[in-house]
2 protein chains.
Amino acid sequence: MSADAKTTGYSRSTEDYLKAIYELETQGSPVQTSAIAEALEIAPPSVSGMVKRLSESDLVEHVPYRGVRLTDSGRRAALRMVRRHRIVETYLTQKLGYDWDSVHDEAERLEHAVSDELIERMAMALGNPQYDPHGAPIPTKDGAVEEQDLLPLSDVPVGSMAELRMVSDRDPDLLRYIASLGLKVGVAFEVIGRQPFKGPVTIRLPGTPPKDQAIGHELARALQCWELEGEVG
Amino acid sequence: MSADAKTTGYSRSTEDYLKAIYELETQGSPVQTSAIAEALEIAPPSVSGMVKRLSESDLVEHVPYRGVRLTDSGRRAALRMVRRHRIVETYLTQKLGYDWDSVHDEAERLEHAVSDELIERMAMALGNPQYDPHGAPIPTKDGAVEEQDLLPLSDVPVGSMAELRMVSDRDPDLLRYIASLGLKVGVAFEVIGRQPFKGPVTIRLPGTPPKDQAIGHELARALQCWELEGEVG
DNA sequence: TCCCAGATTTAGGCTAGGTTAATCTTGGGA
DNA sequence: TCCCAAGATTAACCTAGCCTAAATCTGGGA
């Protein structure tokens with residue numbers, strides 16, 4: 001016997017690996033050992049060891065020296081964690097007054113401790129939301145996630161209107177900064193310029209008067225947007 | 001480095017031991033190894049091992065072959081866990097529609113995962129309650145617990161009025177059964193009889209018409225009551 | 001007082017999950 | 001084609017917590 005109180009049947013560590021691999025797969029599959037190591041802040045050999053255990057449990061497929069891919073059951077388990085994380089974040093912001101920049105760490109711990117029942121009760125109390133406070137889609141109970149067709153602000157063509165749809169929840173400072181600009185999920189703006197050589201993007205935020213704001217390239221890459229129909233003169 | 005995400009600085013297992021020892025101390029101190037082993041469903045030698053670690057961390061004082069006592073810092077940590085547990089139970093019943101018989105296990109996991117901040121937000125949202133759903137007093141943030149002067153129903157004199165004040169949260173079946181009798185914390189009743197040789201206690205519950213109910217000795221010992229002033233003819 | 005039953009501790013082992021140091025693989029550039 | 005740097009794996013080791021079996025302490029009754 002071992003480890004943690006189980007709410008999914010997997011150890012806390014296993015849950016962390018699966019979620020990390022799931023998230024890394026959206027940026028390319030198979031997922032490399034080093035990518036997992038970096039995401040979880042763990043030494044690469046530790047990842048090799050865990051990957052072996054995960055693949056013995058049929059949660060991932062491992063091709064030595066190449067990387068891992070989630071199996072169906074691995075993906076199911078990962079999506080369960082993602083759902084938990086996003087519902088907890090939404091609950092904390094909507095019902096307990098947390099700011100969007102401070103929910104991540106709390107959710108990171110709670111996602112391992114809550115039961116399915118509690119998650120469904122939270123979801124119910126929230127009216128079964130589709131997106132978390134950072135705009136990320138919440139997987140359904142049976143593991144369906146909406147595919148979003150988003151463009152980083154850094155790639156939105158100059159002259160078009162766009163709406164901020166999603167930001168990573170990982171960096172509180174970044175989130176606080178974005179909020180301080182008046183940017184949050186759902187806000188529309190016009191892209192009025194972009195400097196070459198990874199220069200800043202300039203956007204025009206609505207208001208009276210409208211406010212122009214320069215946004216560094218790094219940050220612009222983190223802001224996932226919808227390009228809106230109908231350009232602006 | 002090791003183990004669990006920390007919200008108190010102690011491992012999950014350490015938190016469990018401290019809380020168990022705290023609760024056992026209310027029934028007599030020092031607390032024996034075997035009592036801890038039974039409470040945590042762990043083999044006695046494992047407890048010996050952990051007790052050594054706890055006393056090296058100055059959380060308990062251990063007298064070999066005699067038992068352990070919490071130190072001040074051990075008691076502080078234990079009370080923090082008790083506060084967490086009871087606030088979580090209260091929150092789940094009041095805000096998420098849980099029944100009093102189903103909150104224990106959920107709280108048992110969550111108490112290790114919530115931050116102090118979340119607990120204080122929950123307490124705030126509840127209006128800083130003094131008692132949990134089973135009538136147990138909630139320690140304050142700085143570790144003060146109300147001393148309650150209660151009598152098990154099995155010891156309440158025949159002929160007096162009493163009010164149910166507290167029931168252990170551990171046995172869901174017991175809690176469901178009590179509720180099915182119309183008994184919950186705060187309900188007053190008259191003790192109208194008690195059979196010798198660990199026989200049942202009979203109580204008269206208010207209502208129209210009043211309902212008499214026989215309660216087995218074991219159960220009666222688990223129901224902590226206030227004896228009310230003013231006897232009944 | 002002595003002895004034994006029951007409680008406790010020690011000894012020895014196991015697993016999960018982490019570490020560092022050393023050894024392989026792999027693929028891209030000369 | 002060859003070689004080497006980067007990335008992955010293996011080897012060896014550590015700790016927390018658990019286990020069972022064996023040894024040891026303690027206290028109550030004859």
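**Ground rules.** I take helices (H or I, at least four residues) and strands (E, at least two) as DSSP runs, numbered from the N terminus. I am working with a predicted model, where local features need pLDDT of at least 70, side-chain atom pairs count only at pLDDT 80 or more, and totals for chains, interfaces and linings use all residues. Residues are numbered from 1 along each chain as its sequence is written, while chains are lettered from A and ligands numbered from 1 in the order in which they are written.

**Entry 1: the sheet in chain B.** I found an open sheet of 6 strands with antiparallel pairing, in the order S3-S8-S4-S5-S6-S7; two strands pair if DSSP finds at least two bridges between them. Strands S3 (151-152) and S7 (211-215) of chain B are at the edges with a single partner strand each, so one side of each has no neighbour in the sheet.

Next I followed the strands across. S4(B) (residues 161-167) and S5(B) (residues 188-194) are joined by 3 bridges, and Ala162(B) stands opposite Phe189(B).

**Entry 2: two hairpins.** Which residue in the turn between S5(B) and S6(B) has a positive phi? I noted Phe197(B), at about 55°, in a hairpin with 6 residues between the strands. The hairpin of S6(B) and S7(B) has 5 residues between its strands, and Gly207(B) in that turn has a positive phi of about 145°.

**Entry 3: two helices of chain A.** I saw that H2(A) and H3(A) pack with their axes 9 Å apart, at an angle of about 110°. Axes are lines fitted to C-alpha atoms, for helices over the stretch in contact, and angles run from 0 to 180 degrees between N-to-C directions. The two helices are therefore roughly perpendicular, a label for angles of 65 to 115 degrees.

**Entry 4: around the DNA.** Where does DNA strand D meet the protein? I listed 23 residues around DNA strand D, and those that come nearest are Gln32(A), Ser34(A), Pro45(A), Ser11(B) and Ala43(B). A residue is near a strand if its C-beta atom, placed from the backbone, lies within 6 Å of it. H3(B) gives the largest share of this surface, 5 residues.

**Entry 5: chain to chain.** I counted 13 residues from chain A and 13 residues from chain B in the contact, which is defined by C-beta atoms, placed from the backbone, within 7 Å. Helices H5 (103-110) and H6 (116-125) of chain B each give two or more residues to the chain B side.

Methods
Two residues are in contact if their C-beta atoms, placed from the backbone, lie within 7 Å. Angles under 35 degrees count as roughly parallel, over 145 as roughly antiparallel, 65 to 115 as roughly perpendicular and the rest as oblique.
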